[in-house]
Amino acid sequence: MPGQTNDPAPGDVGSGTKQATASDGRSRELVLRVVSSLVILPPIIVLFWLGELYFLALVALLAAAMAWEWCTLVSPDSSSTIRRLAGLTAAVLVGVAAFSFQQPEVLLLLGVLPLVYAATVRILTGVWILKLLPGLLVAFCPAFAIYWIREMPDLGLETALWLALSVVVTDVAAYAAGRTIGGLKIWPRVSPNKTWAGLIGGMAGSGCFGALLALYIGQAPWLVVIAGAVIAIIAQAGDFAESALKRYFDVKDSGRLIPGHGGILDRVDGQVTVLPLAAALMLLSGKSILLWTWP
């Protein structure tokens, strides 16, 4: 039959070549991820340790990068001026919120600045681009949450590191369990590689990490284990939300800022959901989750 002339080569030669190419691509991406992590993580941990203005500068910079990426993602035709304006506004919002510790009246600016940003974009473009505004919220909330948690008087550093690293441990453990065990997918239409086995592995990894930290600081581990498992679920929800957003806008990565990792939003999608919720719960309770006890 004429159509058979385009069949793959015998013995799955073509298929093997494609598989080898895909494997090589994954290997190169893994190397990039490891190298990028080794370069990025040490200064971040140092700034975590130093706290105060040093850490504030870090989270403001991350907020600016997240707002920039959101602008690029939802409005790819936007000019570099609008993207810079988005990043600057997000960074200033974080700075204003931090300064409100000493001057609470400046909190009014948190409501004014997004409106100024939207009006400025309207003047520059001639249209209202309201879909840019959620990006300020997505950038501001986790950035200020981790800063506020870090500055808590009791176990602030330990809590901030625990929350941030729990999301990382969740990702690693979920990836390992998902690749090793496989099985049923959670939501294949949105994230085809996420499995229930991966979620359970992420919960176990985050819970074990919490238990080790609790023992290190002299706390009862079981409550932190439960909190770690919940963190894993919330982090995965953030991952799904970002995946759905990228699918809606038909992009693979939120950006290309970090070699092998994609963009900032790709790396902090779990933090976006975990950190604000954790900060809100600790604000209500008046103390770190690591200090919670069962009544």
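So, an aromatic pair here means two rings of Phe, Tyr or Trp (for Trp, its six-membered ring) with centres within 6.5 Å; planes under 30 degrees apart are stacked, over 60 edge-to-face, and the rest tilted. Before I use that, a word on what you're looking at. This is a predicted model, where local features need pLDDT of at least 70, side-chain atom pairs count only at pLDDT 80 or more, and totals for chains, interfaces and linings use all residues. Residues are numbered from 1 along each chain as its sequence is written, and side-chain values use heavy atoms, with hydrogens and water left out.

Okay, the rings. Searching the whole structure turns up seven aromatic pairs. One of them is Phe48 with Phe55, a tilted pair at 4.6 Å centre to centre and 45° between the planes. Are those two buried or exposed? Phe48 is at 8% relative accessibility, so it counts as buried (that's under 20% relative accessible area; exposed is over 50%, partly exposed in between, with a 1.4 Å probe and protein chains only). Phe55 is buried too, at 1%.

Then there's Phe144 with Tyr147: ring centres 6.4 Å apart, planes at 40°, so this pair is tilted. Both sit in helix α5, residues 133-150, three residues apart, which is about one turn of the helix. By helix I mean a DSSP run of H or I, at least four residues, numbered from the N terminus. Phe144 and Tyr147 are both buried, and together with Phe101 and Phe140 they form one aromatic cluster.

Next, helix packing. The axes of α6 (156-181) and α8 (221-248) come within 9 Å and cross at roughly 70°; axes are lines fitted to C-alpha atoms over the stretch in contact, with angles from 0 to 180 degrees between N-to-C directions. That makes α6 roughly perpendicular to α8, a label covering 65 to 115 degrees. Who makes the contact, meaning heavy atoms within 4.5 Å? On α6, the residues include Trp162, Leu163 and Ser166; on α8, Val224, Ala227 and Gly228 are among them. The contact residues split into nine nonpolar, four polar and one charged (Ala, Val, Leu, Ile, Met, Phe, Trp, Tyr, Cys and Pro are nonpolar, Asp, Glu, Lys and Arg charged, the others polar, Gly among them).

Last stop, Gln219, in the loop between α7 (196-217) and α8. At 22% relative accessibility, Gln219 counts as partly exposed. Leaving aside neighbours within four places in sequence, Gln219 contacts Ala214, Leu290 and Leu291. And Trp292, 73 residues away in sequence, is 9.2 Å from Gln219, C-alpha to C-alpha.

Key:
Helix = DSSP H or I, 4+ residues; strand = E, 2+ residues; numbered from the N terminus. Parallel < 35°, antiparallel > 145°, perpendicular 65-115°, else oblique. Contact = heavy atoms within 4.5 Å.
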